[in-house]
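User: Hi! I've got a structure open here and would like to talk it through with you. Could you help me read it?
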Amino acid sequence: MIQAALASGHAERRCVFEAFARRLPEGRRYGVVAGTGRALEALRDFRFGEEELAFLADREVVDRSTLDWLADFRFSGDIWGYAEGEVYFPGSPLLVVESGFAEGVVLETLFLSVLNHDSAVASAASRMTAVAHGRPCIEMGSRRTHEASAVAAARAAYLAGFSSTSNLEAGRRHGIPTMGTAAHSYTLLHDDERQAFANQLASLGLSTTLLVDTYDVTGAVELAVELAGSELGGVRLDSGDLVSQAFEVRSQLDRLGAPDTRIVVTSDLDEHAIAALQAAPVDAYGVGTKVVTGSGHPAAGMVYKLVSRESGAGRMEGVAKASKDKASVGGRKYALRRRSTGGEATEEIIGINERPQDDGDDRPLLVPLVERGEVVARTDVEAAREHHERARAELPQRALRLSLGDPALATTYLDDWT
């Protein structure tokens, strides 16, 4: 596309691209924007180096003039978007890229690959932390996804309220608190469970968490308290009926004089399992496969479309795909979160080619991310985490339901772009 646009003289035409989702995954009442910080950091370093250019030249993917353009590529446009951590709904303009055609179109895969993955993880994680009602959720899914995706998933889960991760690289790179427990292999390494527990306590201290379901849970809990006493930090349950086991273990710990020992549960947890465990005396949840794979929806379904371009006469004109099943809305978008006088979100308002009017209680959603090629927004995960907490708190209670239903907020377009 770039080669053809360069040859025809259309490559520098002013354009507006937007990233958005036509719908939410089935059963979701809202989505969570995640990955924006990672995408902006990637944009800073987005270059075609000698090896990449040599590959394109050797395979004759593009001609010499296109290779020259790629060699000199530096994004010089403007980007607006929803702040990372913001909640979104169908049609929300999550990213608005204003640039020449070639500059904007070459970024499509970069932006979509990051946003689709991270937003899927964060959307699932937000549902989990919402139903956990303050009980910590630990991200433990590194072994269930690609090694690079594991770090990104840990960041996205933390953004949406998870308290920590077992991925040490995510801790190093993003400053996320790290936490983990021993596996069954550690217990099986030893001649008996007593030896395994004693060695772990001697090395890691009484605050460690002992895995108690390798053989017999009741016997393991009794042994754990015998060895560590009332200062034992925690026990982990990883199999069986977690609800009934949690009640039995809590009662046993209390009888043995260890009322402050925490109970951590794992074992293919998702938002529905966490909700079911709310009645049980559980202190923390370790979540793996379901959070890093978006709890059944591993991609957020976002698309990146040209919505406005400069005409031959020099005017900006709305354009859009008009096919029956994948129609888009043309024109540059401006978004507003309509809120009640009490601060509760009631509607997503999208103006086309003009800003919606604030009635006094509303909140503009698009913020500057890049100005003239320079990143101007914060890219750290702590800022996104704080923003998500505020944004989710605005939602009506129906947004947190796990049952099937429509998006929590309706999206209203103020004008017919045609």
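User: How many salt bridges does a search of the whole structure find?
Analyst: The search finds 23 salt bridges in the whole structure. Here a salt bridge is a side-chain nitrogen of Lys or Arg within 4 Å of a carboxyl oxygen of Asp or Glu. Before we go on, this is a predicted model, where local features need pLDDT of at least 70 and side-chain atom pairs count only at pLDDT 80 or more, while totals for chains, interfaces and linings use all residues. Residues are numbered from 1 along each chain as its sequence is written, and side-chain values use heavy atoms, with hydrogens and water left out.

User: Good to know. Which residue forms a salt bridge with R38?
Analyst: That is D118, with the closest N and O atoms 2.8 Å apart. R38 sits in helix α2 (residues 36-44) and D118 in helix α6 (residues 108-132), so this pair ties together parts that are 80 residues apart in sequence. Helices (H or I, at least four residues) and strands (E, at least two) are DSSP runs, numbered from the N terminus.

User: New topic: how is the protein divided into domains?
Analyst: Domain 1 covers 2-121 + 297-414, and domain 2 covers 138-151 + 183-292. Those bounds come from an automatic or database domain assignment. The C-alpha centres of the two domains lie 41 Å apart.

User: And how many residues does the contact take from each domain?
Analyst: Four residues come from domain 1 and six residues from domain 2, with contact meaning heavy atoms within 4.5 Å. The area buried between the domains is about 420 Å², and carbon and sulfur atoms give 60% of that. Buried area is the accessible area (1.4 Å probe) that two parts lose on being put together, summed over both.

User: Which residues in domain 1 lose the most area to domain 2?
Analyst: H117, V121 and L402, which together make up 91% of what that side buries.

User: What's the count of salt bridges between the domains?
Analyst: Zero salt bridges between domain 1 and domain 2. The side of domain 1 that touches domain 2 has two nonpolar residues, one polar and one charged. In that grouping, Ala, Val, Leu, Ile, Met, Phe, Trp, Tyr, Cys and Pro count as nonpolar, Asp, Glu, Lys and Arg as charged, and the others, Gly among them, as polar.

User: Let's move to the strands. What is the order in the open sheet of seven strands?
Analyst: The order is β13-β12-β1-β5-β3-β17-β18, with antiparallel pairing. Two strands pair if DSSP finds at least two bridges between them. At the edges are β13 (316-318) and β18, each pairing on one side only.

User: How many bridges join β1 to β12?
Analyst: Seven, between β1 (residues 14-21) and β12 (residues 302-310). Within that pairing, F20 stands opposite V303.

User: And what about β17, which strands does it pair with?
Analyst: Four bridges join β17 (residues 366-371) to β3 (residues 78-82), where V370 is the bridge partner of I79. Two bridges join β17 to β18 (residues 374-375), and there E371 is partnered with E374. In the hairpin of β17 and β18 two residues lie between the strands, and R372 takes a positive phi near 50 degrees.

User: Last one: which strands form the open sheet with mixed pairing?
Analyst: Four strands do, in the order β16-β14-β15-β19. The edge strands are β16 (363-364) and β19 (410-413). β15 (residues 345-352) and β19 pair in the parallel sense over four bridges, with I349 opposite T412.
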